[in-house]
Amino acid sequence: LPFSLGAEHRRDSLRTVDDPRSTTDLIPSPHPNIDASLSVSEVYGEVVVPILKDLPFAHDLRIEGAYRYSNYSSYSDTHTWKAGAIWSPIEGLSLRAVRSRSVRVPNFAELYSPQNRGITASINDPCSGPNYDLSPGRAANCAALGIPRGSLVWNYTDSVVTYSGGNPALEPETSNSLTLGAIIQPKFLPGLDLTVDYWDIDIANVITSYSIANMQKLCVDLPTIDNPFCSRITRDPVSHKVTQIDSYYINAARMQARGIDVGINYRRQIGEGRLEASWKSTWNMKNMTETTPGIDSGDIYYAGDWTVPRFKSTLYLGYDIGDFGVSFDTRFISSTVLSKNQPDYYYGDANHVPAKVYNNISFRYTIDDRYTLGLGINNLFDVRPTDTIFVWAGAGGRYDTIGRYFFGTLSLKL
């Protein structure tokens, strides 16, 4: 009966000593000195229980379970667990299911990253121009803020101060997840395996931050202005224009994500060399955050926008013969939009982000047991970045911003 038991204690600490001027209001984004720590003591166990073996419709059947108790210095005790099973009715076919509960405490970056000050040159105020009646209840909420209909020019260009960064008041987030999958390894085609997994993740108290556009929208689209979003938006008492928006990290109510992962791997000896091929894809069926459970106007949708493309896929081909190797990979990102939560006219034609296909090729030569030389070309066909806000800067590495480039490497094993 395979099992494991363990215990551990960890302590993380963060101490920063900054230039005295950077800790005061003499600069736009002051960064006070930090001296913080977090410790946790844990005990855990895991077990795998064989049930059936080499029987009709039960080539293999196993159940597994895991549990972890965590005692944090700054948060309440947590209990996490996992329960699952693997059933192989016949050789070459395995079905698996896992149900789990997890807890994640905020990291130091989410707690203590500098609260940066920025300036936006224009703003699409939801209480201005044609936006005033765009959703049910918005007009009443704008009036409750003291903003008469037609008093604000649409898309005014007054500078608005924005603040973003860490929040020391964050609490841990908890998640429940379900994974159902299958592994196929056909006997008639050795070296091939196919995996398909459906996953469903539900996170409560999720740690996130909202764009300034979503902050404004949520303020006036919820049933009343008595909500945490209006309290983070400052308006001029006379002109009623937005002057400041605070978009620090916060604990949102709930996040749901659902999708399917598919993977195909194939390995085969061809001639004097070895071929490796793989195809990995993800279909994001759902990704949304409920800012106010039970109130649809507070939902923010991400699946299909530039942060969560509906479909992503990577194809890899590699061949090694002797000391020489060559590989080629293709990466596909489906077309997206800048926002699933704003009206079409908000970004206009720029709301559409076209699909992208990137191709890379590399060559490798093993000089001896210690040295390996590599040469390659990334973005082989020089696919240019989309000239659209957020995306042109790479979207956090998702899109290439350089174009075709060549590289060389020399690896040394010590």
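A: A patch is built from residues with over 30% relative accessible area and no salt bridge, like charges being joined within 9 Å and nonpolar side chains (Val, Leu, Ile, Met, Phe, Trp, Tyr) within 5 Å. Accessible areas come from the Shrake-Rupley method with a 1.4 Å probe, and for residues only the protein chains shown count as cover. The model is predicted: local features need pLDDT of at least 70, side-chain atom pairs count only at pLDDT 80 or more, and totals for chains, interfaces and linings use all residues. Residues are numbered from 1 along each chain as its sequence is written, and side-chain values use heavy atoms, with hydrogens and water left out.

Q: What makes the nonpolar surface patch, and which strand gives the largest share?
A: The patch covers about 1100 Å² and includes Ile321, Phe324, Tyr371 and Leu414. Strand 22 gives the largest share, three residues. Strand 21 (356-366), strand 22 (371-378) and strand 23 (405-412) each supply at least two residues; strands (E, at least two residues) and helices (H or I, at least four) are DSSP runs numbered from the N terminus.

Q: Why is tyrosine 371 called partly exposed?
A: Buried means under 20% relative accessible area, exposed means over 50%, and partly exposed is in between (1.4 Å probe, protein chains only). Tyrosine 371 has 32%, so it is partly exposed.

Q: Why does serine 128 count as buried?
A: Its relative accessibility is 0%, so serine 128 counts as buried. Serine 128 lies in the loop between strand 6 (116-120) and helix 2. Contact means heavy atoms within 4.5 Å, and serine 128 touches Leu152, Val153, Trp154 and Asn155, not counting residues up to four places away in sequence.

Q: What makes the largest nonpolar core?
A: A nonpolar core is a set of buried Ala, Val, Leu, Ile, Met, Phe, Trp, Tyr and Cys residues joined through side-chain atoms within 4.5 Å. The largest has 27 residues, and Ile123, Tyr210 and Ile245 are among those with the most contacts inside it. Helix 2 (138-144), helix 3 (212-221) and strand 12 (242-246) each supply at least two residues of this core. Helix 3 gives the most, with four residues.

Q: Why does isoleucine 212 count as partly exposed?
A: Isoleucine 212 has 25% relative accessibility, so it counts as partly exposed. Its place is in helix 3. Leaving aside neighbours within four places in sequence, isoleucine 212 is in contact with Thr120, Thr162 and Ile245.

Q: How do you know that glutamate 173 forms a salt bridge with arginine 104?
A: A salt bridge is a side-chain nitrogen of Lys or Arg within 4 Å of a carboxyl oxygen of Asp or Glu. In this pair the closest N and O atoms are 2.9 Å apart. Glutamate 173 lies in strand 8 (residues 173-184) and arginine 104 in strand 5 (residues 93-104), so the pair ties together parts that are 69 residues apart in sequence. Glutamate 173, at 10% relative accessible area, is buried, whereas arginine 104, at 30% relative accessibility, counts as partly exposed.

Q: What makes aspartate 221 and lysine 217 a salt bridge?
A: Their side chains meet at 4.0 Å, N to O. Both residues lie in helix 3, four residues apart, about one turn of the helix. Aspartate 221 has a relative accessible area of 6% and is therefore buried; lysine 217, at 14% relative accessibility, also counts as buried.
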